[in-house]
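Good morning, and thank you for making time for this presentation.

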Amino acid sequence: MFYKLIYLLGQKYRNPSLGKTYNFLKTSENWSLEELENYQLKKLKEILNIAYSNSSYYKDKFDKFNVNINNIKKLSDIKLIPILTKEELINYSNEIHTNLNFKKKFLASTSGTSGQSLKFYREETADSFNRAAIQRGYSWYNVKPWDKNGYFWGFNFSFTAKVKNKILDRLQNRFRIFSFEEKSLKKFIKKTKTAKYIHGYSSMIYQTAVLLNKLNLPKPTKLKLIKGTSEKIFEGYQEEIKRAFGTKMISEYGATESGIIAFECTEGNLHINMEGVFVEEIDNEILVTNLQMKSFPIIRYKLGDYVSLASKDKKCACGKKHLIIEEVTGRIGESIQGIENTYPSLYLYYIFKNISKAENVNLNYQVIQDKKGILIFLIQEKIEDNIEEKIKKEIYKYFNSDINFTIKTNVKLEVSKGKLKNFISTINE
């Protein structure tokens with residue numbers, strides 16, 4: 001009761017519109033697909049008008065490409081709008097901001113793990129909408145935001161930041177890990193006994209599960225939800241996590257600049273947050289339009305992920321009509337440099353996906369490129385010789401003799417700022 005009161009007081013002060021927005025989302029989660037798409041079209045027209053009338057960047061861009069926003073009559077007409085790249089978002093962030101005045105807004109920033117960091121302002125209603133979308137996802141698992149929870153996030157904090165975070169965590173009934181040493185992990189694991197959910201970087205949750213199982217520590221019994229975010233969740237994680245925590249890890253998909261894109265339901269489907277974003281897939285890449293943010297419009301933004309969208313006809317047993325992301329197949333990183341040619345890093349995903357399908361072996365991997373034409377494949381598990389030979393054949397199938405490579409097994413994967421990247425290139429293109 002104490003933490004619920006603290007949460008509601010904090011919500012009233014920081015996010016006064018959150019409660020109303022959450023109630024709206026709990027109603028709209030029962031809408032038909034037609035109702036959801038009608039709402040999306042209404043919000044799309046609204047955000048386009050705001051962007052054109054109040055953002056110098058969008059006005060100049062729409063005029064340059066002869067875009068008449070009045071020609072947007074249906075959702076598919078969004079293709080008339082030019083695509084927004086990450087480089088544009090960073091280089092023209094000041095111009096993208098609208099000149100609208102808001103009673104309250106918050107400074108947001110991206111981590112910069114995949115490049116230059118972005119800073120922008122998000123108004124209170126958009127911030128509340130994003131938080132309400134997460135809270136709705138929690139509700140599917142009967143989890144309240146004030147329930148005791150464990151948090152895996154970046155842990156390279158200064159002493160002052162640690163103290164500040166500990167105070168905030170205490171008020172939010174949250175405990176987090178500040179180092180990845182065994183002593184800290186054991187202390188964290190002990191606290192999970194009374195937690196209702198844990199969340200954060202999926203690779204860190206996996207490593208904690210490995211240690212818990214290895215040391216045969218007492219298993220937590222009250223966890224209702226384990227949520228991975230900000231990283232791809234390998235299938236190879238799930239068996240270890242289920243054994244440690246009694247349930248699989250579910251996915252929350254989004255980004256700081258785009259907001260929450262999708263949340264996994266109890267039936268295992270990643271439902272798009274259709275009231276908050278409009279999603280497109282072009283050549284396996286996701287484009288995101290945020291339908292709620294007026295201070296810093298995000299329209300047809302190339303987020304930098306490969307995805308696969310399910311057919312509109314796919315039905316989910318949970319009953320929700322929200323469209324489904326079949327799979328977030330990987331992060332679009334630097335291209336792989338062969339001896340003669342360049343290749344998309346998506347090839348690495350398919351190499352291990354094919355092995356998984358053919359051999360029923362799920363591997364956690366990371367690929368490093370320090371020199372042109374050479375790849376180092378790091379595999380966390382110890383594998384049989386025949387599996388390694390099949391991996392070699394898969395690698396050759398995608399790169400032929402244009403890539404020389406080595407495979408290292410039973411190794412620890414590299415983590416940067418608490419986050420695991422599948423492909424790391426140190427080549428300056």
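Let us begin with Y237, which counts as buried because its relative accessibility is 1%, the threshold being under 20%. Please bear in mind throughout that this is a predicted model.

What is the arrangement of the rings of Y237 and F234? Their centres lie 5.3 Å apart and their planes stand at 75°, so the pair is classed as edge-to-face; the cut-off for that class is over 60 degrees. F234 is likewise a buried residue, with a relative accessibility of 4%.

This pair belongs to a wider group. Ring pairs connect F234 and Y237 with Y206, F352, Y365, F377 and F405 in a cluster. Over the model, the count of aromatic pairs is 25.

I turn now to a polar residue, N149. N149 is found in strand β3, which covers residues 149–152. Is N149 buried or exposed? Its relative accessibility is 2%, so N149 counts as buried. Which side chain does the side chain of N149 meet in a polar contact? The partner is the side chain of H199, at 2.9 Å. If neighbours within four places in sequence are set aside, the residues in contact with N149 are Q172, N173, R174, F175, A195, Y197 and H199.

The last topic is the cavities. How many cavities of 30 Å³ or more are there? The count is two.

The largest cavity holds about 110 Å³ of space. Its lining consists of 15 residues, and those closest to the centre are A126, N130, S258, G259 and N290. Helix α7, residues 124–139, and strand β8, residues 259–264, each contribute at least two residues to this lining. The largest share, three residues, is that of α7. By class, the lining of the largest cavity comprises eight polar, five nonpolar and two charged residues.

The second largest cavity holds about 90 Å³. Thirteen residues, written 13 on the slide, line this cavity, with R136, W140, F263, H271 and N273 nearest its centre.

Thank you for your attention.

Notes:
Residues are numbered from 1 along each chain as its sequence is written. This is a predicted model: local features need pLDDT of at least 70, side-chain atom pairs count only at pLDDT 80 or more; totals for chains, interfaces and linings use all residues. Side-chain values use heavy atoms; hydrogens and water are left out. On a 1 Å grid over the protein atoms alone, a cavity is a set of points where a 1.4 Å probe fits but cannot get out, and a pocket is an open set with protein on both sides within 12 Å along at least five of seven lines; lining residues have an atom within 4 Å of a point. Grid points are joined across faces, edges and corners, and a volume is the space filled by probe spheres set on the points. Helices (H or I, at least four residues) and strands (E, at least two) are DSSP runs, numbered from the N terminus. Ala, Val, Leu, Ile, Met, Phe, Trp, Tyr, Cys and Pro count as nonpolar, Asp, Glu, Lys and Arg as charged, and the others, Gly among them, as polar. Buried means under 20% relative accessible area, exposed over 50%, partly exposed in between (1.4 Å probe, protein chains only). A polar contact is a pair of N or O atoms within 3.5 Å; within protein, one must be able to donate a hydrogen and the other to accept it, and residues adjacent in sequence count only if both atoms are side-chain atoms. Contact means heavy atoms within 4.5 Å. Rings of Phe, Tyr and Trp (its six-membered ring) pair if their centres lie within 6.5 Å; planes under 30 degrees apart count as stacked, over 60 as edge-to-face and the rest as tilted.
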